[in-house]
Amino acid sequence: EALQDQFDRLYENAEYIKKSEERYRSIFEASKEGLWELFPDGTVAYLTPHWYNELDLNIMGSTIQEWMQIIHPEDRSKVELEHLNIKNGKVQNYRIEYRVIKRNGEIAWIEAVGISRYDEENNYISTTGSHQDITIRKSDEIKIREMAYHDPLTHLFNRRYFELKFQKYLDLDGTGS
């Protein structure tokens with residue numbers, strides 16, 4: 001009777017775990033973000049493979065080096081520095097924006113957010129995080145900056161731009177207020 005009771009509890013726990021896994025799988029599939037996990041050996045597990053299809057990545061057995069290859073060359077060094085800081089235990093939570101080059105040649109802005117785990121001796125275990133496509137937001141920011149500092153007719157810098165630059169010059173020169 002005790003054995004049957006233990007078997008029933010194990011069965012209930014197994015069913016609970018199965019339903020939890022299905023729930024998490026549904027959440028991942030419905031997510032508009034690319035979810036991933038990075039390990040100390042440089043391998044990457046993509047938890048939402050469909051999000052990464054446009055990036056021409058080998059989803060199975062991918063490495064951080066493959067990811068670095070699709071990062072825009074002007075942004076690559078800051079991302080590499082951030083990953084070095086993560087591996088060395090200098091950054092636990094991070095948020096970084098950079099550009100990637102899609103398979104079709106388009107450039108997309110990505111916001112990467114992650115949290116790293118370390119053991120008791122501060123040895124790096126892994127980083128889990130998400131990638132979000134922020135291309136539209138970045139495009140809007142560029143348009144707003146353009147409107148704020150350029151004349152709409154001539155597209156030359158406007159008075160506000162020159163005031164800002166002049167104030168920075170005064171502040172650097174030491175003669176500003």
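Biologist: How many cavities of 30 Å³ or more does the structure hold, and how is a cavity defined?

Modeller: The structure holds two cavities of 30 Å³ or more. On a 1 Å grid over the protein atoms alone, a cavity is a set of points where a 1.4 Å probe fits but cannot get out; lining residues have an atom within 4 Å of a point. Grid points are joined across faces, edges and corners, and a volume is the space filled by probe spheres set on the points. This is a predicted model, in which local features need pLDDT of at least 70 and side-chain atom pairs count only at pLDDT 80 or more, while totals for chains, interfaces and linings use all residues. Residues are numbered from 1 along each chain as its sequence is written, and side-chain values use heavy atoms, with hydrogens and water left out.

Biologist: Which residues line the largest cavity?

Modeller: Its lining consists of Trp36, Leu38, Val44, Tyr46, Ile64, Trp67, His83 and His131. Two or more of the lining residues come from each of β1 (34-38), β2 (43-46) and α3 (64-70); helices (H or I, at least four residues) and strands (E, at least two) are DSSP runs, numbered from the N terminus. The volume of this cavity is about 70 Å³.

Biologist: What volume does the largest pocket have, and which element gives the largest share of its lining?

Modeller: A pocket is an open set of points with protein on both sides within 12 Å along at least five of seven lines. The largest one holds about 190 Å³ of space. Of its 13 lining residues, Leu38, Ile64, Gln65, His83 and Lys87 are the closest to the centre. The largest share, five residues, comes from α4.

Biologist: Is Val91 buried or exposed?

Modeller: Buried means under 20% relative accessible area and exposed over 50%, with partly exposed in between (1.4 Å probe, protein chains only). Val91 counts as buried because its relative accessible area is 16%. Val91 sits in the loop between α4 and β4. Leaving aside neighbours within four places in sequence, Val91 is in contact (heavy atoms within 4.5 Å) with Glu82, Asn85, Ile86, Ser116 and Tyr118.
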